[in-house]
Amino acid sequence: MWILFCGAVLPALFYAFAQNNGGDAFTRAAITAKWLENPTWQLDAFGAYLPLHFWLMAGMTLITGDAITAGRLLSLILGVASVFVFWWLAHEVYDSVAANVSTLVFSLYSLHIAYCNASAAESPYLLFLLTGLACFFTYKRTSYLGWLASSGISLTLAAAIRYEAWVIIFAVGLVLIGSPSKLFRPEFWGIRRSLQLAVFGATAGAWPVLFMLFAWRKYRDPLYFVTMQKTWVAEIGSFAHHSLFYILAFFPGVLVLTLSPLALGAALYGLWLSRDEPSYRKVYLFIVLGFGAIQLYQLASGGTWPAARFTITLGTLLAVTSGFGIEQFSTRLSQRAAKGVYVALFLTLMFNLGGIIILSRGHSRFADKFRSISPFLQFPRRIEGVRKYLQPRLKPSESVVIDNYNCESNIVAAAIGLPLFSGQRAFLAAARIHSYTCESTTPLSAAIIRQDAEDLRLYTEKLRPKYVIYSDSGTLKPYLPLSASCGPEEFVHGMKFRCVFQDDIYSVYEVSYP
């Protein structure tokens with residue numbers, strides 16, 4: 001019971017300190033707030049994003065009055081609930097002892113804590129995914145079709161939030177079909193098998209089928225949105241610029257850091273043992289390995305890019321098996337030694353989480369890596385420096401120009417204290433150019449440069465922004481050519497620019513007007 005209590009309380013303790021810098025958290029909040037101004041139930045109202053998370057955030061926003069607060073509270077409430085569902089799933093697949101140990105690992109899993117406090121989609125998606133799997137394994141134990149229908153409903157809700165759930169639905173469907181070698185035998189298709197496939201297909205397939213039919217009707221391509229997602233990834237993923245070895249090693253490295261080496265080792269050991277266990281444990285092994293293989297292929301083929309938050313599904317699935325691995329290893333030891341293993345696991349998890357927090361607050365070149373997996377979800381150092389300098393100096397009546405580096409001008413705006421919709425208080429370069437220019441090798445066309453230069457000229461003439469947050473690798477350079485380093489005062493277009501702050505990416509210029 002104390003483990004469940006810990007898992008429920010710990011995310012709430014970090015809520016007041018987390019910075020909401022979780023993936024596309026600010027983007028999702030902004031899209032939700034914009035959608036509420038003119039709600040439409042078109043399934044493609046959010047582009048390549050799946051809609052359910054936005055609808056849930058919109059409902060919460062009507063209660064709280066603020067999209068960011070709504071998104072964070074939604075994640076916190078559903079993230080806490082997922083701890084209890086996680087225990088249920090681990091108990092159904094293994095036993096009470098393994099479930100308790102696995103839940104301890106999940107409760108101290110840094111990414112789970114982090115995304116319980118971000119207006120991102122991870123926590124709501126995980127709750128529906130875990131519920132779907134827990135109901136499915138309850139069905140495997142009881143053979144009651146109501147559990148299978150509940151599993152399908154939960155999984156299709158997860159599939160309306162993130163595409164990863166589509167892979168899990170496919171894997172569970174293959175499990176229900178069974179051995180491919182028997183598919184064409186008449187006796188294989190009994191009433192029971194046909195009924196369970198019909199129930200699961202009608203429930204779990206509801207959202208994917210509806211979404212593909214919509215895409216076919218509107219775009220003549222049932223996989224239009226999946227293709228759109230991959231195209232978008234290809235456009236913005238160029239900022240990764242890493243070797244294939246780095247990309248393939250990235251996910252295992254993140255799993256080692258976030259779950260802890262001992263917990264990950266126990267999870268892999270538990271998976272290995274599951275191959276000789278009862279059939280329902282082999283089913284879980286198949287689901288985990290199948291999902292991991294497809295995700296690795298997507299990563300290697302450019303369908304996704306190396307980001308810590310994309311490991312959260314596989315990390316959660318492995319956390320379920322970690323308790324079984326520890327339990328089985330301990331049974332081979334004396335009672336005293338077994339207790340030592342459980343104590344060592346607890347201490348390892350605590351020190352691992354504490355180490356992530358400490359390293360994320362450091363100033364080494366690896367600090368940003370740990371900030372992306374820290375429960376605090378801090379801003380990267382390049383943004384944190386700008387925030388510390390500019391936030392106490394920027395007055396409510398003053399405006400600012402923010403360059404577009406790494407598609408993050410909206411994050412910089414949030415970091416320095418601007419509202420979700422900054423309006424005329426900020427010129428956000430990322431909102432005024434096409435997405436392919438975000439760290440892309442594609443050059444800006446002359447027409448785009450002329451238009452953005454004119455927009456910036458009109459903005460500066462009308463509002464006279466006090467500061468410019470500038471990056472030598474950003475997109476303002478073609479029409480605002482400032483030096484790469486803080487030097488003497490510069491004059492551009494009749495304005496005087498005085499560099500008042502600089503880090504390795506951003507410079508802050510104070511602007512004076514004639």
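Start by selecting helix H3 (residues 52–64) and helix H4 (residues 67–93): their axes come within 8 Å and cross at roughly 115 degrees. Axes here are lines fitted to C-alpha atoms, for helices over the stretch in contact, with angles running from 0 to 180 degrees between N-to-C directions. Helices (H or I, at least four residues) and strands (E, at least two) are DSSP runs, numbered from the N terminus. That angle makes H3 roughly perpendicular to H4 (the label covers 65 to 115 degrees; over 145 is roughly antiparallel). Contact means heavy atoms within 4.5 Å.

A word on what you're looking at: this is a predicted model, where local features need pLDDT of at least 70 and side-chain atom pairs count only at pLDDT 80 or more, while totals for chains, interfaces and linings use all residues. Residues are numbered from 1 along each chain as its sequence is written, and side-chain values use heavy atoms, leaving out hydrogens and water.

Next, pick helix H8 (residues 145–159) and helix H9 (residues 164–177), whose axes come within 8 Å and cross at roughly 155 degrees. That makes H8 roughly antiparallel to H9, and their crossing is left-handed. Leu-148 and Leu-155 are among the H8 residues here, meeting H9 residues that include Trp-166 and Ile-168.

Stay on Ile-168. Beyond its neighbours within four places in sequence, Ile-168 is in contact with Leu-129, Leu-133, Leu-155, Ile-287, Phe-291 and Leu-317. Ile-168 is also one of the residues touching the most other members in the largest nonpolar core, which has 115 residues. Such a core is a set of buried Ala, Val, Leu, Ile, Met, Phe, Trp, Tyr and Cys residues joined through side-chain atoms within 4.5 Å, with buried meaning under 20% relative accessible area (1.4 Å probe, protein chains only).

Finally, colour the open sheet of 6 strands, ordered S2-S1-S3-S6-S5-S4 with mixed pairing; strands pair if DSSP finds at least two bridges between them. Strand S2 (426–428) and strand S4 (490–492) each have a single partner strand, so one side of each lacks a neighbour in the sheet. S4 pairs with strand S5 (residues 495–502) in the antiparallel sense over 3 bridges. Zoom in on Phe-491, whose bridge partner in S5 is Lys-496.

Definitions and conventions: Buried < 20%, exposed > 50% of the residue type's maximum accessible area, 1.4 Å probe, protein only. Parallel < 35°, antiparallel > 145°, perpendicular 65-115°, else oblique. Left-handed = near helix turned anticlockwise from the far one by under 90°.
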